[in-house]
Amino acid sequence: MGTYTEKLDEIKTLIEKLQKESPKQTAAFNQFMMSVEKPGALGSKDKDLINVALAIAAQCEWCIALHIKGALSHGASREEVIDAAMQAVLMHGGPALMYMIPVEKALDEFTGA
């Protein structure tokens with residue numbers, strides 16, 4: 001299992017634990033997340049690409065893994081993910097550029113490159 005697949009497993013484990021420890025709050029967050037991620041004016045792929053950039057800006061490797069996996073599963077190409085990620089670099093500069101490292105690693109892992 002790769003590093004970014006492990007990060008996805010860690011997210012799943014965390015959510016399961018929180019569902020037991022803080023069920024109301026976790027359910028409310030999950031409901032909000034599901035409603036926001038539904039296709040609307042933007043489709044699922046576009047939303048995941050936006051979230052890739054936001055994950056880089058937030059410097060969250062778990063979020064990077066989650067949204068790259070989502071973007072790829074919704075049909076995004078490697079080039080589209082990189083293009084979205086570079087928007088974070090534009091807005092957040094050098095620190096965001098360093099988060100292109102986990103972006104590249106996650107893309108390689110999830111696409112078998």
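In which helix does Ile-68 lie? Ile-68 is part of helix H4. The model described here is predicted. The points below cover two helix pairs, H3 with H4 and H5 with H6, and the surroundings of Ile-68.

**Helices H3 and H4**
- Helix H3 spans residues 44-57 and helix H4 spans residues 61-73; their axes come within 8 Å and cross at roughly 160 degrees.
- An angle over 145 degrees counts as roughly antiparallel, and H3 and H4 are therefore roughly antiparallel to each other.
- Their crossing is left-handed.
- H3 contributes Lys-45, Asp-48, Leu-49, Asn-51, Val-52, Ala-55 and Ile-56 to the contact, and H4 contributes Cys-63, Ile-64, His-67, Ile-68, Gly-70 and Ala-71.
- The contact residues comprise 8 nonpolar, 3 polar and 2 charged.

**Ile-68**
- Ile-68 has 0% relative accessibility and so counts as buried, the cut-off being under 20%.
- Leaving aside residues up to four places away in sequence, Ile-68 touches Val-52, Val-81, Val-103, Ala-106, Leu-107 and Phe-110.
- Asp-9 is 59 residues from Ile-68 in sequence, and their C-alpha atoms are 15 Å apart in space.

**Helices H5 and H6**
- The axes of helix H5 (residues 78-98) and helix H6 (residues 100-111) come within 9 Å, crossing at roughly 160 degrees.
- H5 and H6 are therefore roughly antiparallel to each other.
- The crossing of H5 and H6 is right-handed.
- Residues making this contact include Val-81, Ile-82 and Ala-85 of H5 and Val-103, Glu-104 and Leu-107 of H6.
- By class, the contact of H5 with H6 holds 13 nonpolar, 1 polar and 3 charged residues.

How values were computed:
Residues are numbered from 1 along each chain as its sequence is written. This is a predicted model: local features need pLDDT of at least 70, side-chain atom pairs count only at pLDDT 80 or more; totals for chains, interfaces and linings use all residues. Side-chain values use heavy atoms; hydrogens and water are left out. Axes are lines fitted to C-alpha atoms, for helices over the stretch in contact, and angles run from 0 to 180 degrees between N-to-C directions. Helices (H or I, at least four residues) and strands (E, at least two) are DSSP runs, numbered from the N terminus. Angles under 35 degrees count as roughly parallel, over 145 as roughly antiparallel, 65 to 115 as roughly perpendicular and the rest as oblique. A crossing is left-handed if the near helix is turned anticlockwise from the far one by less than a right angle, and right-handed if clockwise. Contact means heavy atoms within 4.5 Å. Ala, Val, Leu, Ile, Met, Phe, Trp, Tyr, Cys and Pro count as nonpolar, Asp, Glu, Lys and Arg as charged, and the others, Gly among them, as polar. Buried means under 20% relative accessible area, exposed over 50%, partly exposed in between (1.4 Å probe, protein chains only).
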